[in-house]
Amino acid sequence: MTARMRLHPEAIGMGMTSQRVRDRLIERLRDNGIADERVLNAIRTVPRHLFIDEALATRAYEDTALPIGHGQTISQPWVVAKMTEALFAEGAQPAKVLEVGTGSGYQAAILAALGLEVHTVERIGELLRTARKRFRTLGFNIRSKHDDGRIGWPENGPFDAIVVTAAAPALVDALSAQLAPGGTLVAPVGGSGAQSLLCLRKDADGVISQASLAPVVFVPLLSGLVD
Ligand code: SAH
């Protein structure tokens, strides 16, 4: 018998990360206005506890942001849900998405679980390497690069959807330029105190409209690469 088989279920993460605990998070998201069943199902399925340090695993299914090192955080599940839901609003069926700010890789995994072709960019090499390992382990086929995401990924664009998971003082023009007609971009905009989750839509003629979805708190979108 292996040591693992002798462990109590709680010790191998079957307590605080059990399906029951995950379902409780889904109910909470539903109570807080997340209605898209596809999004709720992706959050139910993707194991958030595998995107954070083991020491924090017991908190993985709380509706809260958690530290992932380098002063960065994995976003709060409600925020991930809200941003993801916005991409599918008004009957949109995006196929190709760009994420700026891979971080733990969780948001990218949610998008991949929804069947999107995911491209993600991260400026901190070590976070990206860890996220890539998670994608491999969990079988997600996600394209990623170590770069300043403010330039987007022009060679692979345009994108039907763009998700920015770090806050800038204003929308980044290079990113909206890589949005396909009919596409949606969601991004937190504002300083460290008051940020707003903006949703920008480009119609079939390229005309842009904008709405604010919610007040949010994100880490800043920074320039320069870190190993
Ligand atoms: N989507 C992530 C959230 C991570 S927090 C998740 O699901 O875990 C935001 C991330 O954006 C951090 O990892 C930070 O390093 C990264 N980031 C900040 N500025 C960036 C930039 N200019 N280009 C790419 N990534 C950036």
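**View 1. Helix 4 and helix 5 make a right-handed crossing.** Right-handed here means that the near helix is turned clockwise from the far one by less than a right angle. This is a predicted model, where local features need pLDDT of at least 70, side-chain atom pairs count only at pLDDT 80 or more, and totals for chains, interfaces and linings use all residues. Helix 4 brings Val-80, Met-83, Thr-84 and Leu-87 to the contact, and helix 5 brings Tyr-106, Gln-107, Ile-110 and Leu-111 (contact means heavy atoms within 4.5 Å). Sort those residues and you get six nonpolar, two polar and no charged.

**View 2. Phe-51 and Tyr-106 pair up edge-to-face.** Their ring centres are 5.6 Å apart with planes at 70 degrees (a pair needs centres within 6.5 Å, and edge-to-face needs planes over 60 degrees apart). Phe-51 comes from the loop between helix 3 (37–45) and strand 1 (66–69), while Tyr-106 belongs to helix 5, 55 residues apart. Both Phe-51 and Tyr-106 are buried (under 20% relative accessible area, 1.4 Å probe, protein chains only).

**View 3. Pro-220 lies in the segment after strand 9 (208–216).** Leaving aside residues up to four places away in sequence, Pro-220 touches Ala-166 and Ala-167. Its C-alpha is 7.3 Å from that of Ser-192, 28 residues apart along the chain. Residues are numbered from 1 along each chain as its sequence is written, and side-chain values use heavy atoms, with hydrogens and water left out.

Note on methods
Helices (H or I, at least four residues) and strands (E, at least two) are DSSP runs, numbered from the N terminus. Ala, Val, Leu, Ile, Met, Phe, Trp, Tyr, Cys and Pro count as nonpolar, Asp, Glu, Lys and Arg as charged, and the others, Gly among them, as polar. Rings of Phe, Tyr and Trp (its six-membered ring) pair if their centres lie within 6.5 Å; planes under 30 degrees apart count as stacked, over 60 as edge-to-face and the rest as tilted. Buried means under 20% relative accessible area, exposed over 50%, partly exposed in between (1.4 Å probe, protein chains only).
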